[in-house]
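Subject: Structure for your files

Hello,

The sequence and the structure are below. My notes on what was found come after them.

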Amino acid sequence: MVKRVLKRLFNPGDSLSQRVVHAGFWAFALRITDRLFGLARTIVLARVLSPNDFGLFGIALLGLSALNTFSQTGFQQALIQKKGDIKPYLDTAWTVQVIRGFVLAGILFGIAPYVASFFGEPMAAPLLRVLGLSAVFQGLTNIGVVYFQKELEFHKRFIYMFSGTLADLGVAIPAALILRNAWALVFGLLAGNFVRMAVSYFIHPYRPRVWLDGPKVKELYAFGKWILGSSILVFLLNQGDDIFVGKLLGATMLGFYQMAYRLSNLPATEITHVISQVTFPAYSKLQDEFKTLRHAFLNTIQVIANISFPLAAGIASLSPLFTIIFLGQKWMLMVPAMQVLAVWGLIRSLDAATSSLWQAIGRPYMPTYFQLAKLLLLAAIIYPLTDRWGILGTASAVAFESIIVHIIRWVFIARTLRMAPIKVFKRF
């Protein structure tokens, strides 16, 4: 009996449906385990560190995330979506990845004082310079791990990703107890990325070598450029509010806002983004079978709705109690923003499913267009609302633009699926 269970856990099976179910199990196991450890880490660190410490780390992380996003190649998504053997492309993709990592680290070292000056927080500069090492670790990671998602081998991806989570937790908490400042968060992040880099070479046999093939770079970039465009817009949408709060209201309020964002979006978006990780490669394999693809997508949407709606309602109603019990009185200022962001988390979870569909069928430009519409709407309303209501106004602006564009997005999804929009909305 035990052997049979273990065999099923570590053997994906032969049919696509078996592999999707197997991948889904491990993807959920990874995300739930990862988030539970992450939540425990957040609660402990929130008790030890101040909102200002989280804000300083948030500023440094914004600088890293900005450069990381604006230099995104989209090569891994291109490799996952690509039909046939991708091995001839791996060395080129890895070489570009390594070059990008070292270049990013160098740029971050140079611009760190200017980023800190922009936010009026000089203490963030050394944090950002050291965080640049994470770009190097990510660049040196074995490109072979792309097979874990492409071939739906999520049991191997579990080991690879969770090793970094344990390292982050194991370093950040002791460092926080000793240092009592934002450096604990930096050291934890670096430890997680370094361990993932090391584990990637133990868990996958592929050994990349330095090699650049111009035509292959061009071919991968033809798909990846839309991932880049979408990633930039997603960054401006998901991090633009952080930049705005940090600049207008300061590091302490940024710490409150980022904590509210992290906790309000934790269950709904994390769970449904796991589904998207599995559905993207699965949809890619079904891209030539339209009826089957449509049926699979609609069933996925129904599952996401069943998860997201009650979770969002639970977060909104329980956030005051959760905050006072687990984080303490000093974090209560974030509760109203957290409740509003729960609505945004619901919308975001539903939207995540559409992006994987469009990417899988070779239309990666569609999410880019909708992210641009959301960004323009957010830019028009974020300042007056934030100026009037602080971080609650920022959260309200984010939720409002998501609702408006979400409705339009699903009309286009209905057209893509060649069905009436009302039939799609009924799945909710």
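Serine 264 is found in helix 11 (residues 251-285); helices (H or I, at least four residues) and strands (E, at least two) are DSSP runs, numbered from the N terminus. The model is predicted, so local features need pLDDT of at least 70 and side-chain atom pairs count only at pLDDT 80 or more, while totals for chains, interfaces and linings use all residues. Residues are numbered from 1 along each chain as its sequence is written, and side-chain values use heavy atoms, with hydrogens and water left out.

With a relative accessibility of 1%, serine 264 counts as buried (under 20% relative accessible area is buried, over 50% exposed, in between partly exposed; 1.4 Å probe, protein chains only). A polar atom of the serine 264 side chain lies 2.8 Å from the backbone oxygen of alanine 260. The side chain of serine 264 also reaches the backbone oxygen of tyrosine 261, at 3.2 Å. Polar contacts here are pairs of N or O atoms within 3.5 Å; within protein, one must be able to donate a hydrogen and the other to accept it, and residues adjacent in sequence count only if both atoms are side-chain atoms. Leaving out residues up to four places away in sequence, serine 264 touches Ile315, Met338, Leu341 and Ala342 (contact means heavy atoms within 4.5 Å).

Next, a helix pair. The axes of helix 14 (residues 365-389) and helix 15 (residues 391-416) come within 8 Å and cross at roughly 155 degrees. Axes are lines fitted to C-alpha atoms, for helices over the stretch in contact, and angles run from 0 to 180 degrees between N-to-C directions. Helix 14 and helix 15 are therefore roughly antiparallel to each other (over 145 degrees; under 35 is roughly parallel, 65 to 115 roughly perpendicular, the rest oblique). By class, the contact of helix 14 with helix 15 has 18 nonpolar, six polar and three charged residues. Ala, Val, Leu, Ile, Met, Phe, Trp, Tyr, Cys and Pro count as nonpolar, Asp, Glu, Lys and Arg as charged, and the others, Gly among them, as polar.

Isoleucine 403 is found in helix 15 and, at 35% relative accessibility, counts as partly exposed. Residues up to four places away in sequence aside, isoleucine 403 touches Val343 and Ile347.

Buried residues make up 54% of the 428 residues.

Regards
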